[in-house]
Amino acid sequence: MPAERKPMRYAHPDGYTAVCFDESGRFIVTGGSDGDVRIWESLDDDDPKSINVGEKVYSLALRNGMLVTTVSNNIVQVHSFPEGSPDGILTRFTAEANHVVFNNTATSVAAGSSDFMVKIIETRDNSQQKTIRGHDGPILSVSFDPKDLFLASSSCDGSVCIWKIADQTLVISWPLLTKFNEVSRAASICRLEWQPKTGKLLAVPVEKVVKLYERETWDNTDNLSDYSIMTPLNVVSWSPCGGYLAAGSIDGSLVVWNVQTRKCIERLRHEKAYRICAMAWHPSKGNIAYTDSEGNLGLLEGVLSDADSKELAYHSAASTFDDLFDEEDSDLPTKGINLSHPSPIRQPLVDDDDDVEDDSVMAIVNRSRHRTIEDDNSHDIGSPVHLGKMNDDDDDQASSAQAAPVSAGYSGPIPTPQQKPFQPCSTPSHLLHRFMMWNSTGIIRCYSDEQDNAIDVEFHDTSVHHAIHLSNVLNHTMADLSPEAVLLACEKSDELPSTLQCIHFNSRDTNKEWMVDMPKDENIEAICLGQGWAAISTNAHIVRIFSIGGVQKELFSLTGPVVSMTGHGEQLLISYHRGTGFDGDQCLGVQLMELGKRKRQILQGVPLPLNRKSYLAWQGFSAEGTPVFADSEGIVQMLNRSLGNTWIPISNTRDHCKGKSDYYWVVGIHENPQQLRCIPCKGSRFPPTLPRPTVTILPLKLPYCQTSSEKGQMEEQYWRSVLFHNHFDYLAANSYEFDEAAKNQVLKQQQELLMKMFALSCKVEREFRCEELSEFMTQNVLNLAIKYASRSKHLTLAQRLSDLAQEKATELMTVQEEEDDFRAEQNAGRSVTKWNSPYVQPPARSYVEKEEGESETCIQNDAEEDNNNGLDPEGTLYAKRRLYPFSKDLGSVEKITPKSVTLTNSILGRANPFKVTSDGISPALVGGQTRNTNILDSMTKTSKKSTSNNSQSANKEKSLVLKPLISKPKAKQTQATLFQSTIPKSSSKPVEEKAIEAKPVQTIIPVSKNTENKKPKKTGFQLWLEEGRDDIVAETPGLTEEEIIKEGMNRFRILSSEERKAWTEKAKRSGSINNTPDAEDVKKRKRVEDPNEDEPENKKGNSEEHEGLAIKQKPQHLSTNSRLSAFAFKKD
């Protein structure tokens, strides 16, 4: 029965047009010179799906949902099928790629280019590439041997070559074709092809015949020809069963032969005699799709008879059981498979395990879960167990075979092949020119071509060492670089063992190089350098530690195969396989050790949180020593030491890529400043050596929610700052040097962010959130928060924060006193010079300085201006003194006190440090009664200067003189509800003598006689309110005092600027009259300023001040709110 030829239809513009079927045979896929790939459901499909892949398509191949195309910008790229979404670039050429094909298992792709090269790329990892060189002209076509042992290629240099894939060596070459300079000028594109399944024959179209070459012997066993062929053949295509061969010529002739009988079973001619560009067989039917040079698509139906069609389906679907179970279970009944009759083709599968390579990650992920896995532990039909059973019992043979697909089908998770070991910051080892290492110290390049096989070492800082050129005699494939040495390693070969070589250029002797050979059958897989040590890991799961001078030190075993190793200082980070991953996921663990004087293990067997279906792409340390890693999806994660050594994502490099095929190659990271150093790679995962790549700085960002809002943005900034400055604590704990000023600056920025978040929460009436934020604030910033809350009229919040501040101070004071008691017992009577409490900050200092014939004490003020409240690094010391008023700083000298008052805590008991007695001495020294005080009560201490040498001994025991602080009155003093702390400025008068800075004593601000007699300066608003108060009360009776003030403020704002200015001038004139100093003030000022005043008068003055202090002290029964109201307006 002759074949039925369907009318051809337009598919693409004129030019080369490729065609193929998908694996199910449902779609016809074409690609043409318009750069589009079209998916046709049938030849009559008037609306095919179109995917634009480039400017021009030279070739395409489709397997396992991967659509691979070669386009005009010299790349081989992948798209998903049938979605058509880009899935990356497999490789690049320097000229257009003319042909691309898959291997039998779809794990590799071969592409031939006009730059005379053929590349074999793994679809799972495009970094695994093999390059074949040897042709002297552009490549016309390539074809994989079904057993993946050989690759055939044809070229414009007139040759057809057979290559061995394993070592890319030439097996045989035949000069069969006419030579041409360009593919466009070639008479034939010579699309050769191997016979499917067995690969026994290779079909090569040469002139008007098809030459068949036998595998292994490479003899030309037969030539297929026909009288209808008048011009050279352009393309050949085998049927899926391997029994039939179709060929198309440059004048539109199509011929089909039965290879076994060597007879032509079908011949026809193109209706317009256009050149046949491509041909493809339907996977299960005897149909052939073909295209011509004008972009038209045609279809031949019924090429084979019904019997031959059944034979085609049987051989294509059931020739091997591995291919049988590569199909969906739902497709099995439709393919004419008869499992009751065992085929002799199945038998070689028992011993064919050695020839089958491991499937790639992508192939396994795409494979259906209902497919059968055949291995040494399986018990399905393909295993020796079932074959033996079928041979033993002929009666049960049919039933066992028919039940096999159901009973032996594995529906569980698919194991993932384990990731191979790699060196971070290095490019694949198969490249001729590659980076062996790129880190913060320098760059190591390797050149392995016909002219030279060498290694170049370049340092970023030439003061570390000059550039080094090494001859790569041992074929080193691994390297690491540090400021001390260069470490190299090579894999074992048939003649030489695996060798470790170190060039210690910081060595003080002349022998700067040492080498170590590994034991027999032990191969180095990963290496790294640290400070004073080197480490390697071998395939025996052993980690070996060496000193930098070559001394063998400790060794230990890993619980799985190593993946990568990195060193930094004393830290060693190892990633390895904890077990088998499933469904495309890797199961990796990490081990972190310190190899210094304290040899300890920080992490052991902790799972590495890789992204779904990704693998480890980079690991290392930040410049500050924190472990970091990145996966193949671009997610960068860092170890958070402050949260139980957990991992936290800090960046996603894919967010910065412009295209889906672009990647960033990580080379380093800094925590301060926060920078991720990467090299952008266009269409590849790694950069080329030439031209020299440029390092790009990427910002770091934590994946917090709603970062577009002001709240989410500040939260992300605060916690990112906390995370990236945990290294200060680590460095301090391990006795490393660090920048104290930088740490203080960071703390200042963090507290500023907390204050901003606090203000934002107050604005939106989130008082509970404000309380939560206050938990992270320091004591001084908490005082600012209390002040802000009171000014924004959140009085309840201000009171709660005040209570919280008091609780914090009490808790810290309790911890400090317990620490003092413990140390007093341990150091009976000795000065405490070491402070080990992890909860209390180092206390304030006291100094003792002596001179001949004189000694005096100067007690500094215990407060500062509000704008210096702990945010300025220079005020940190004063903040610590205010927080711990009874502490001594590190290295301070113990204060010398008279024997009469040297009492320990065990004698006095727990006294209230805030209690002030009538004589101005703290109850901590005299054991007076305690009272409750608010933490916001302003406290100070001053000293009365001694004016005569004779008065020093008399006033030695009474050197502490307590005086009240009088804050400057300010506007709006009638608001008695504002809460604020009065922290006056330190005295600006210079200290004329060397002084003793004694322990600060916190006291209540008493009201002196002077402050009672003086009237506070009134503002213009107060004067206006006094006159207009009666009007406000008359208009709105029943208002409270606070409401009257608010109403007065509203009315005062309405006044014109001239009126308000007039009231202000009136207030100034009134204040100058009321504040005239009285005689008593003049007398006191004279007493202070007169340096010749004798000792009795000085003593008398002191006693008068003590009496006044005792008389005017505030009563103890006042409530907290009353005491707060007393100083609410005493600002700065």
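How many salt bridges does the structure hold? I looked this up and found 30. A salt bridge is a side-chain nitrogen of Lys or Arg within 4 Å of a carboxyl oxygen of Asp or Glu.

**Ground rules**

I noted that this is a predicted model, in which local features need pLDDT of at least 70 and side-chain atom pairs count only at pLDDT 80 or more, while totals for chains, interfaces and linings use all residues. Residues are numbered from 1 along each chain as its sequence is written, and side-chain values use heavy atoms, with hydrogens and water left out.

I began with Lys 1066, which forms a salt bridge with Glu 1027, the closest N and O atoms being 3.1 Å apart. Lys 1066 lies in helix H18 (residues 1057-1074) and Glu 1027 in helix H16 (residues 1020-1035), so the pair ties together parts that are 39 residues apart in sequence. Helices here are DSSP runs (H or I) of at least four residues, strands are runs (E) of at least two, and both are numbered from the N terminus.

Next I looked at Arg 1029 and Glu 1041, whose side chains meet in a salt bridge of 2.4 Å, N to O. This pair links distant parts of the chain, with Arg 1029 in helix H16 and Glu 1041 in helix H17 (residues 1041-1054), 12 residues apart. I then checked accessibility, where buried means under 20% relative accessible area, exposed means over 50%, and partly exposed is in between (1.4 Å probe, protein chains only). Arg 1029 is partly exposed at 27%, and Glu 1041 is partly exposed at 43%. Lys 1066 also counts as partly exposed, at 36%.

Lys 1046 is partly exposed at 37%, and Glu 1042 is partly exposed at 37%.

**Entry: Glu 594**

Is Glu 594 buried or exposed? I found it buried, because its relative accessibility is 3%. Glu 594 is found in strand E46 (residues 588-594). Its side chain and that of Tyr 730 are joined by a polar contact of 3.0 Å. A polar contact is a pair of N or O atoms within 3.5 Å; within protein, one must be able to donate a hydrogen and the other to accept it, and residues adjacent in sequence count only if both atoms are side-chain atoms.

I also listed contacts (heavy atoms within 4.5 Å). Leaving aside neighbours within four places in sequence, the partners of Glu 594 include Glu 570, Lys 599, Arg 600 and Asn 734.

**Entry: Leu 432**

I found Leu 432 in the loop between strand E30 (415-416) and strand E31 (433-438). Leu 432 is partly exposed, with a relative accessible area of 34%. Its C-alpha atom is separated by 5.9 Å from that of Tyr 447, 15 residues apart along the chain. Leaving aside neighbours within four places in sequence, Leu 432 is in contact with Arg 133, Cys 446, Tyr 447 and Ser 448.
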